[in-house]
Amino acid sequence: GPDPSLVYRPDVDPEVAKDKASFRNYTSGPLLDRVFTTYKLMHTHQTVDFVRSKHAQFGGFSYKKMTVMEAVDLLDGLVDESDPDVDFPNSFHAFQTAEGIRKAHPDKDWFHLVGLLHDLGKVLALFGEPQWAVVGDTFPVGCRPQASVVFCDSTFQDNPDLQDPRYSTELGMYQPHCGLDRVLMSWGHDEYMYQVMKFNKFSLPPEAFYMIRFHSFYPWHTGRDYQQLCSQQDLAMLPWQVRPLHQVPGPAGRRQAAALLPGAH
C-alpha cells in the first residue's frame, strides 16, 4: 500500500517555513506561559531521590507491551507542553524527524529508525505521569545546574537538592570526567526509551543509543555545558547530537544540518 509517511515529509516551501533562528524561543510567544510552568515544576521536583524512584518504578519493563507503531499511534493524543514551537501531536513530529533524516542520510537506515523512535518514551505522559517528568530538556541531577539550562535562573529555587551540599556544587556527587554513562540524568522520555532499548537489546549502533538518551540534553550538545562530566567517548559522540532535521527548512538548511554529522556528504 501507499507509504503513510508521505503525509509528513518535510518538503516545506522555504518562503513560508519557520526561520531556524526562531526555534526554541523561551522569551516570548503564545505558548510561553505553558512552557514556563512545565519547566518550573520539572526543576523543582527532579531530584536525585525522584529520579532513582522512577528507575525503580519503571525498571522492571512490565507495565505494557506494544509495537513501535502502536506507540506512535498513542502519540496522536499527546501535545508536548514544554515545546515553544509546536502545538500539534507528537506522532507528527516522529514521522517528520524520520523523514528529514531519511532525506539527508538515505544510506543510514538505522538513523531513520532513530528519528522515528526518539520520542516514543513520551507515552509515559499517557499512562499518568505528569509532563514535567516526561518532556522537556534534560540535565544531570546530583550537581548544580549550569547556565544554559532553560530558565535556569528562575526555576530551581525550590529544588531541595540545591540546599544539599552533596549535590549543589559544579561536580556534586560525580568525579571529574566520569563519563555521561555514570551520570544520573533527569527522568523523562529520553532516559526511559534508552532503558527500554537496552532491556530489549535493540541491534542498533552505539551512536543510536547516545542519540536517544541525550537528544534533549541541550545544555550539553548545544550549550556546551557539563564538560566537567564528559569522557573522551562522550566528546567523540557529541557531533551526533544534532537537532531534528525537520526543524531545518528547505534543502539548503537540511544540507547544513547534515554536514554536522560524522561521515555526512
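His215 counts as buried at 16% relative accessibility, buried meaning under 20% relative accessible area, exposed over 50% and partly exposed in between (1.4 Å probe, protein chains only). This is a predicted model, in which local features need pLDDT of at least 70 and side-chain atom pairs count only at pLDDT 80 or more, while totals for chains, interfaces and linings use all residues. Residues are numbered from 1 along each chain as its sequence is written, and side-chain values use heavy atoms, with hydrogens and water left out.

His215 sits in the loop between α8 (206-214) and α9 (218-221); helices here are DSSP runs (H or I, at least four residues), as are strands (E, at least two), and both are numbered from the N terminus. Setting aside residues up to four places away in sequence, His215 touches His118, Asp119, His189, Asp190, Tyr210, His221 and Gln241, a contact being heavy atoms within 4.5 Å. With Asp119 there is also a polar contact, side chain to side chain, at 3.1 Å. That term covers a pair of N or O atoms within 3.5 Å; within protein, one must be able to donate a hydrogen and the other to accept it, and residues adjacent in sequence count only if both atoms are side-chain atoms.

What does the UniProt record say about these positions? Under "binding site", an unreviewed entry lists His93, His118, Asp119, His189 and His215. These residues are spread over 123 residues of sequence, yet they cluster in space, with a largest C-alpha distance of 14.4 Å. Also under "binding site", UniProt (unreviewed entry) lists Arg24, Asp80, Glu81, Ser82, Lys122, Gly136, Asp137, His215 and Ser216. UniProt positions are given in the numbering used here, feature names are shortened, and annotations may be inferred rather than shown by experiment.

His118 belongs to the loop between α5 (109-117) and α6 (152-155). With a relative accessibility of 5%, His118 counts as buried. Beyond its neighbours within four places in sequence, His118 is in contact with His93, Thr97, His189, Ile212 and His215. The side chains of His118 and His93 make a polar contact at 3.0 Å.

Asp119 turns up again in a salt bridge with Lys122, at 3.1 Å from N to O; a salt bridge is a side-chain nitrogen of Lys or Arg within 4 Å of a carboxyl oxygen of Asp or Glu. Both Lys122 and Asp119 are buried, Lys122 with a relative accessible area of 4%. Lys122 is placed in the loop between α5 and α6.

By this rule the count is seven salt bridges. One of them joins the side chains of Glu129 and Lys54 at 2.8 Å, N to O. Since Glu129 lies in the loop between α5 and α6 and Lys54 in helix α2, the pair ties together parts that are 75 residues apart in sequence. Glu129 is buried, at a relative accessible area of 11%, and Lys54 is buried too, at 9% relative accessibility. Arg102 and Glu99 form another salt bridge, 2.8 Å from N to O. They are three residues apart in helix α4, so about one helical turn separates them. Arg102 counts as partly exposed at 32% relative accessibility, whereas Glu99, at 7%, counts as buried.

Stepping back to the whole chain, there are 11 helices and zero strands. Of its 265 residues, 54% count as buried. The accessible surface comes to about 12600 Å², and 54% of it belongs to carbon and sulfur atoms; accessible areas come from the Shrake-Rupley method with a 1.4 Å probe, and for residues only the protein chains shown count as cover. Among contacts with a separation of 6 or more, 75% are between residues 24 or more positions apart.

The largest nonpolar core has 64 residues, and Trp110, Leu180, Trp187 and Leu229 have the most contacts inside it. Such a core is a set of buried Ala, Val, Leu, Ile, Met, Phe, Trp, Tyr and Cys residues joined through side-chain atoms within 4.5 Å. At least two core residues come from each of α1 (32-45), α2 (48-58), α3 (68-74), α4 (90-104), α5, α7 (189-199) and α8, and α8 gives the largest share, six residues. Leaving out residues up to four places away in sequence, Leu180 touches Arg213, Phe214, Phe217, Trp220, Leu229, Cys230 and Asp234.
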